Amino acid sequence: MTTPAKQHQILFVDDETDFLETLRALFTAWSKNTWHIEGAASADRALEILKTRAFDLVVVDVNMPVLDGEQFLRILARRYPDLKKAAITGYATEERRAACLASGAELFIEKPRTAEGLKSIFVMLDELVTWKQQPGFQGMLRRVGLPDVIQMECLGRNSSILEVQNRQLSGRIYIEDGWIIHAVAGEATGEAAFQKLLSLAGGGFQLQPFEPPQQRTIEGQWEFLLMEAARVHDESPPAPAIEPEPPSVAETQAATFSVRVAETLICSGDGTLLYQWQCADVNARIALLHEIAQQAARVGELLPLGKFDRLEIQLSAGRAVAQAQPDRLVFVQIATENGN
Amino acid sequence: METDRVNDKLQQWLDRCALATGMFGCSIRLPDGVWISHNFNDLCPPTAFDEILRRLADALSTFSAHGFAPRWLTWTFEKGRLRVARRPDGLLLALASRRDSAAANNLDLFTEDFLTLDLKS
């Protein structure tokens, strides 16, 4: 049996979608399918894709709207120092070339106007993607728990599908705009499936882009779903140990830090405590939530921004989210630790 | 003059931010309390924006009193998002954007770039 050749994973970031499609078709053919090409029409879309999969090379259009290529290259260099990067532009100048190389690009190329030009770019990029760096320090640990990831997705009001699997069970949890709307695990659906997936003692999970499920089987706030899952887990006999499965490439790249919930507080709108976990000073935290509500109300008086939704607090080692609504006060703090 | 050069660099940086679709106000406060740039549209008149920035800057101090040292705060409303970030050198960034716009989706990237912007070179 022959082992299939490794496919290089290439991400092109360019707001010209026609150009992207041309590149995808030509470069896939020229590489004899040794390249797998993804396209992103904006920097933020590219970062979303990079969170879900590992890439060997990112090619960035310098002249993108909103966040220009130089800024984006700097961010890539900080977040993914080992990722190879190339800058491409239709308006090459010496100044721009220097700026892109200083921002972390290994290669600066001008957009071609002929098929021959495209072929030379392919050759240059193929050289770059097959070039091997000296082996260096590597090795990461996966210490992020499933409830932590769900919590982060819900707090961030994200839409995604969490694919969970181990050798005994596989399933999916659907999150739309921060709401858990559906879960399926084997034959089970709804909250039963959600509880089953959260009770697994080992296995792996991956975040996938959101697609609407065929049915919606879960309603209610994610905080209470997670609390109920924790309660069921605490009251259940311990699950048999399962041999851990090796992480996927994407997991290995993504799991450079651990995430854990450091504190949770849930109150009714008038400040009556409903639930707290590891909150050192409940009264001080409730006072902070009331102050946040007051600040938000003052801002709302000055700008027609509508109802206050939430405050996100970015800390040096984690973040916190505060919701101060008429019917509830919620504070959740998440701590991150660098795993390197 | 060194201050002028730094201010020009910050001004250019803000001008690029202001181009993002959905950005309706952005500003940087220098450590001496002077706001060097504002960009507005009808939703965000200058007087209201000044007052909001002052309040949000004060809110950063509120968190210190509760034991937090925020790198940045994001206030999300039904129709808009406000971001306030402070650098160790005392520069304070304030961005106001329409919610679910390109500007709002890129607040983290703008902030990250602001926090690491090299003003010495």
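In the predicted model, A:Leu311 stands opposite B:Trp75, a residue of strand 2 of chain B. This strand of chain B pairs with strand 13 of chain A, residues 308-315, in the antiparallel sense, and the pairing extends over 6 bridges.

A pair of helices also joins the two chains. From helix 10 of chain A, the residues A:Glu291, A:Gln295, A:Arg298, A:Val299 and A:Leu302 take part; they meet B:Ala48, B:Glu51, B:Ile52, B:Arg55, B:Ala59 and B:Thr62 of helix 2 of chain B. By class, this helix contact has 5 nonpolar, 2 polar and 4 charged residues.

The contact between the chains takes 31 residues from chain A and 33 residues from chain B. On the side of chain B that touches chain A, two or more residues come from each of helix 2, strand 2 (72-77), strand 3 (80-86), helix 3 (102-105) and helix 4 (107-115). Helix 2 of chain B gives the largest share of this side, 7 residues. The residues of this side of chain B divide by class into 17 nonpolar, 8 polar and 8 charged.

Chain A itself has 10 helices and 15 strands. Of its 340 residues, 29% count as buried. Among contacts in chain A between residues at least 6 apart in sequence, those that join residues at least 24 apart make up 62%.

Methods. Residues numbered from 1 in each chain as written. Chains lettered and ligands numbered in written order. Predicted model: local features only at pLDDT ≥ 70, side-chain atom pairs only at ≥ 80, totals over all residues. Helix = DSSP H or I, 4+ residues; strand = E, 2+ residues; numbered from the N terminus. Buried ≥ 20, exposed ≤ 12 C-beta atoms within 10 Å, placed from the backbone. Contact = placed C-beta atoms within 7 Å. Nonpolar A, V, L, I, M, F, W, Y, C, P; charged D, E, K, R; others polar. Pairing = 2+ DSSP bridges.
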